[in-house]
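Visitor: I would like to learn how to read a model like this one. Please take me through it feature by feature.

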Amino acid sequence: YQRNGVASTLTSARLQWLDQRTRNIFCFLDSDEKVQLPLYLRLGFSEVSRNWKFQDPSRDDTGILLRR
């Protein structure tokens, strides 16, 4: 389903639902999922941090934090 607009359509629908309920939407992308970054930027997100880490010691990953 890559490059057929499926992810964009589904994500847009989720964002419309969230927009009706909140002002701030955050999204976390794993560092190795950079292929998704352009989609989220097109949908109005901006980067907060490229080296964001959960404060949960059970998670050992860092990634990209986005906000819309």
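Visitor: Is Asp32 buried or exposed?

Guide: This is a predicted model, and the term rests on a cut-off: a residue is called exposed when its relative accessible area is over 50%. Asp32 has a relative accessible area of 69%, so it is exposed.

Visitor: Where does Asp32 lie?

Guide: Asp32 sits in the loop between S1 and helix H2, which covers residues 37-42. Asp32 and Ile64 are 32 residues apart in sequence, and their C-alpha atoms are 9.6 Å apart in space.

Visitor: How should I read the two faces of a strand?

Guide: In a regular strand, side chains alternate between the two faces of the sheet. Strand S1 spans residues 26-30; Cys27 and Leu29 make up its covered face, while Phe26, Phe28 and Asp30 make up the uncovered one.

Visitor: Which strand does S1 pair with, and over how many bridges?

Guide: Strands of a sheet pair through backbone hydrogen bonds, either parallel or antiparallel. Here S1 pairs with strand S3, residues 62-67, in the antiparallel sense over five bridges. Within this pairing, Phe28 stands opposite Leu65, and Leu29 stands opposite Ile64.

Visitor: In what order do the strands lie in the sheet?

Guide: The sheet is open and has three strands in the order S1-S3-S2, with antiparallel pairing. S1 and strand S2, residues 46-53, are the edge strands, each pairing on one side only. On average, neighbouring strands of this sheet are turned by 25 degrees against each other, direction ignored.

Visitor: What pattern does the protein chain follow along the sequence?

Guide: The protein chain has two helices and three strands, and they follow the pattern α-β-α-β-β.

Visitor: What should I take from the contacts and the burial?

Guide: Among contacts in the protein chain with a separation of 6 or more, 52% join residues 24 or more positions apart. Of the 68 residues in the protein chain, 21% are buried.

Visitor: And the overall dimensions and surface?

Guide: Along the principal axes, the C-alpha atoms of the protein chain fill a box of roughly 35 × 30 × 20 Å. The accessible surface of the protein chain is about 5,400 Å², and carbon and sulfur atoms account for 49% of that surface.

Note on methods:
Residues numbered from 1 in each chain as written. Predicted model: local features only at pLDDT ≥ 70, side-chain atom pairs only at ≥ 80, totals over all residues. Heavy atoms only, no water. Buried < 20%, exposed > 50% of the residue type's maximum accessible area, 1.4 Å probe, protein only. Helix = DSSP H or I, 4+ residues; strand = E, 2+ residues; numbered from the N terminus. Pairing = 2+ DSSP bridges. Contact = heavy atoms within 4.5 Å. Areas by Shrake-Rupley, 256 points an atom, 1.4 Å probe, with all protein chains shown as cover. Axes fitted to C-alpha atoms, helices over the stretch in contact; angles between N-to-C directions.
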